[in-house]
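Here is a friendly walk through one protein model. Have a look at the picture, then read on.

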Amino acid sequence: MQQSVAPNSPIRPKSSIADMVRYKPAVGGPGNRRMIRLSVNEGALGPSPAAVAALADCAADIHRYPQVDASGLVQTIGTHFGVDPQRVVLGCGSDQLIQYLCLAFVEPGDEVIYTQYGFLLFPMAAKIANGIPVRADDDGFTASVDAILGKVTPRTRVVFLANPNNPTGTMIPDSEVRRLRAGLPDRVLLVLDAAYAEYVTRPDYTAGIELVEETQNTVMLRTFSKMFGMAGLRLGWGYCPKEIADTMYSVNPPYGLNSSALAAGVAALNDVDFQQRSVAHNDRMMPWVQDELTRLGLEPFPTVANFCIVRFPTDPTKNAEKVKAFLAGRDILVRDMVGYGEPEFIRMSVGTEEEMRITIDAISDFLAGANA
Ligand SMILES: *Cc1c(COP(=O)(O)O)cnc(C)c1O
């Protein structure tokens, strides 16, 4: 990987980001539509047809600046999720909100806690803001509240928790999230990244709306990139205490979102039928995929989201690195976990039924020793 700036350049990046390297998205070749892409956890069913129609409708108005703060989207989010629209903050993907939260609340040298198998953007955002990322070990593949609390120091400013977590697909229940909040000092901002909340059906799960409303120091992040099937439009939102929402509005770029994303977001929220189909598809396909992987002698890990991690044998002819390459040879993209120090695992999401049948057949061929 390349250093962001050549060593002999007279222009130096600030020291907190000097060791950062370019993020390598696992999205395959440009515009390759034939790919079966299970590598970035996108929704399986494509976008809502209503969202696509809304995009076409707003095309004639693109000479107008978008209405970000007073937009219909903020109101629609309020109605759909039962939240106060005044405290909803929109972002160009929730990735951007993660960055702005760090830029707004992290002083140079402040510590930002993230979990061992947590989302890679958390430590990146901390560094960009001149903060110091601090890793809390997981318990197995699940976030550990005790480990997080054990990392708190007088310099801790933010704790990021993806719940459900990416890449592991695990979650911690509401009671544990509350124990975490109760154990953190009031001055520590707890950010609950609930990018996969729409998929979770377990009764002991909550995305964090209540905690945001009951406390002054908890933020919940959501996205349209996963279940809503709109990753390409870049649309996310945060739910914040009033003062934090005001701060976010003061640091966010005034026209930070595009008008097509706003229009499509409203349409997607109103298309409840699409949402039900998406969740039902995941509920049906994920157990099928996991059963098939188990039947092939592999070890898929339990998940509450639309992706799971699978352990492959260590045998160098059948390992995760080899299967990833084999599948790529058949235009099937999956993600490795080398960046997390777990080279035995592959992460894959649920696509359409046809895509999953093709993928399972390909893995079966791979294990039987076929050449791609
Ligand atoms: C996919 C994902 C997001 C969403 O990112 P966007 O910028 O909204 O596309 C946020 N957090 C986690 C953990 C994710 O996996």
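Helices (H or I, at least four residues) and strands (E, at least two) are DSSP runs, numbered from the N terminus. What you see is a predicted model, where local features need pLDDT of at least 70 and side-chain atom pairs count only at pLDDT 80 or more, while totals for chains, interfaces and linings use all residues. Residues are numbered from 1 along each chain as its sequence is written, and side-chain values use heavy atoms, with hydrogens and water left out.

**Two domains**

The protein splits into domain 1 (15-46 + 273-367) and domain 2 (49-271), with bounds that come from an automatic or database domain assignment. Taken over C-alpha atoms, the centres of domain 1 and domain 2 sit 24 Å apart.

Now for where the two meet. Counting contact as heavy atoms within 4.5 Å, 30 residues of domain 1 touch 37 residues of domain 2. Together the two domains bury about 2800 Å², 63% of it on carbon and sulfur atoms; buried area here is the accessible area (1.4 Å probe) that two parts lose on being put together, summed over both. On the domain 1 side, Gln275, Val304 and Tyr340 lose the most area to domain 2, together 26% of what that side buries.

How many salt bridges are there between domain 1 and domain 2? The count is 1, where a salt bridge means a side-chain nitrogen of Lys or Arg within 4 Å of a carboxyl oxygen of Asp or Glu. There are also 17 residue pairs in polar contact between the domains (both at pLDDT 80 or more). A polar contact is a pair of N or O atoms within 3.5 Å; within protein, one must be able to donate a hydrogen and the other to accept it, and residues adjacent in sequence count only if both atoms are side-chain atoms.

Helix H10 (272-295), strand E10 (307-311) and strand E13 (345-349) each supply at least two residues of the side of domain 1 that touches domain 2. H10 gives the most, with 7 residues.

**Around the ligand**

Using a cut-off of a heavy atom within 4 Å, the residues around the ligand include Gly93, Ser94, Asp95, Phe119 and Lys226.

Most residues other than glycine have a negative phi, and most peptide bonds are trans. Arginine 234 has a positive phi of about 65 degrees, although it is not a glycine. Asparagine 166 is joined to proline 167 by a cis peptide bond, with omega about 20 degrees. Another cis peptide bond links asparagine 163 and proline 164, with omega about 0 degrees. Proline 164 is in the loop between strand E5 (156-162) and helix H6 (174-183), and proline 167 is in the loop between E5 and H6 too.

**Salt bridges overall**

Across the whole structure, a search finds 22 salt bridges. One of them pairs aspartate 110 with arginine 157, the closest N and O atoms being 3.5 Å apart. Aspartate 110 lies in the loop between helix H3 (94-105) and strand E3 (111-115) and arginine 157 in strand E5, so the pair ties together parts that are 47 residues apart in sequence.
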